[in-house]
Structures are given as C-alpha cells and as structure tokens.
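Open the model in your viewer and keep the sequence beside it. This tour says what to select next and what is there.

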Amino acid sequence: MPRPTAAQFAYGSATVVVTTLALLLLFRTESGIGVAAVGTTALALGLLVAVRLPLPRHRAAEAAGRTAPADAATRTHHALEGIGARERVAAGRSSAPANDHSLRR
C-alpha cells in the first residue's frame, strides 16, 4: 500500500476539522453520544476525502505496479541495457536497413 502524500494528509485533516465544527454547530449537541457520532462521522468523511484525492502521475504508476512511461527518445531495447550511451542508436534512427541481418565474411 503506498504511503499517503502531504496533500492527502492536509485535505483529510482539514475535512475532519471543518466537518466536526460544522456538525457541532448545526446540531448543537451536548450529549456524549452525539459528540461521538459527530466525531466518527467527521473522521469517516476525512478518510474518504484523503483516499479519493488523486495521486501524482508517477505515484499512481508505482501504485499500479508499473513504471512511469518513458520518453520515446530515451526508450531502448532490453538487449541494449548494458551498452553505454554513446554506443546506442535511438530506435528507428539506425543507418542500417531494418531487415539487414546478414554478416559479411
């Protein structure tokens, strides 16, 4: 489970505080059960707001188990992982024809 972001903490906490104050002023409850019900409702609403807040793009990709999409210019074939940057040629920009697999002896 991914860790909550600062925005999720802030929006969730603000929702709890504002909801608690609004419900206490709206219902003017003085009993312990009423205050407990207001607090529980405010906590549930704050949790809902925090969970429903959209994640940043890179965090959403990590949470889904995928890596962030790479830029087309930096994508390389998996077989070229160990080759240095100067030796790489971007996909589709090679000077050799795509179907030229012959080795000249």
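Start with Thr-15. At 16% relative accessibility, Thr-15 counts as buried (buried is under 20% relative accessible area, exposed over 50%, partly exposed in between, with a 1.4 Å probe and protein chains only). Thr-15 sits in helix H1 (helices are DSSP runs of H or I of at least four residues, strands are runs of E of at least two, both numbered from the N terminus).

A word on the source. This is a predicted model, where local features need pLDDT of at least 70 and side-chain atom pairs count only at pLDDT 80 or more, while totals for chains, interfaces and linings use all residues. Residues are numbered from 1 along each chain as its sequence is written, and side-chain values use heavy atoms, with hydrogens and water left out.

**Stay on Thr-15.** Show its side chain. A polar atom there lies 2.7 Å from the backbone oxygen of Tyr-11. Which residues is Thr-15 in contact with, leaving aside its neighbours within four places in sequence? They are Leu-45, Gly-46 and Val-49 (contact means heavy atoms within 4.5 Å).

**Move to Thr-19.** This residue also lies in helix H1. Thr-19 is buried, with a relative accessible area of 13%. Leaving aside neighbours within four places in sequence, its contacts are Ala-42 and Leu-45.

**Select H1, residues 6-27.** H1 has 22 residues, which should span 32 Å at 1.5 Å a residue, and its end C-alpha atoms are 32 Å apart, which agrees (the expected span is 1.5 Å times one less than the number of residues). Colour Gln-8, Gly-12, Thr-15, Thr-19 and Leu-23: these are the buried residues of H1. Look down the axis of H1: its buried residues fall within an arc of 60°, so they line one face of the helix (the arc is that of the directions from the helix axis to the C-beta atoms). An α-helix has 3.6 residues a turn, so residues three or four places apart point the same way. Turn to the face away from the buried side. There you find the exposed residues Ala-6, Phe-9, Val-18, Leu-21 and Leu-25. Now step past the end of H1 to Arg-28, whose phi is positive, near 45°.

**Select H2, residues 32-52.** What covers the buried residues of H1 includes H2. H2 has 21 residues and reaches 30 Å from first C-alpha to last, close to the 30 Å expected. Its buried residues are Gly-34, Val-38, Ala-42, Gly-46 and Ala-50. Down the axis of H2 they fall within an arc of 135°, so they line one face of the helix. These buried residues pack against H1. The face turned away carries exposed residues, among them Thr-40, Leu-43 and Arg-52.

**Pick Leu-47.** Is Leu-47 buried or exposed? Leu-47 is exposed, with a relative accessible area of 55%. Draw a distance to Gly-12: the C-alpha atoms are 6.0 Å apart, across 35 residues of sequence.

**Show the largest pocket.** About 320 Å³ of space lies in it. Of the 16 residues that line this pocket, the closest to its centre are Pro-4, Gln-8, Leu-47, Ala-50 and Val-51. H1 and H2 are the elements that give two or more residues to the lining. (On a 1 Å grid over the protein atoms alone, a pocket is an open set of points where a 1.4 Å probe fits, with protein on both sides within 12 Å along at least five of seven lines; lining residues have an atom within 4 Å of a point. Points are joined across faces, edges and corners, and the volume is the space filled by probe spheres set on them.)

**Zoom out.** The protein chain has three helices and zero strands. Buried residues make up 12% of its 105 residues.

Technical notes. A polar contact is a pair of N or O atoms within 3.5 Å; within protein, one must be able to donate a hydrogen and the other to accept it, and residues adjacent in sequence count only if both atoms are side-chain atoms.
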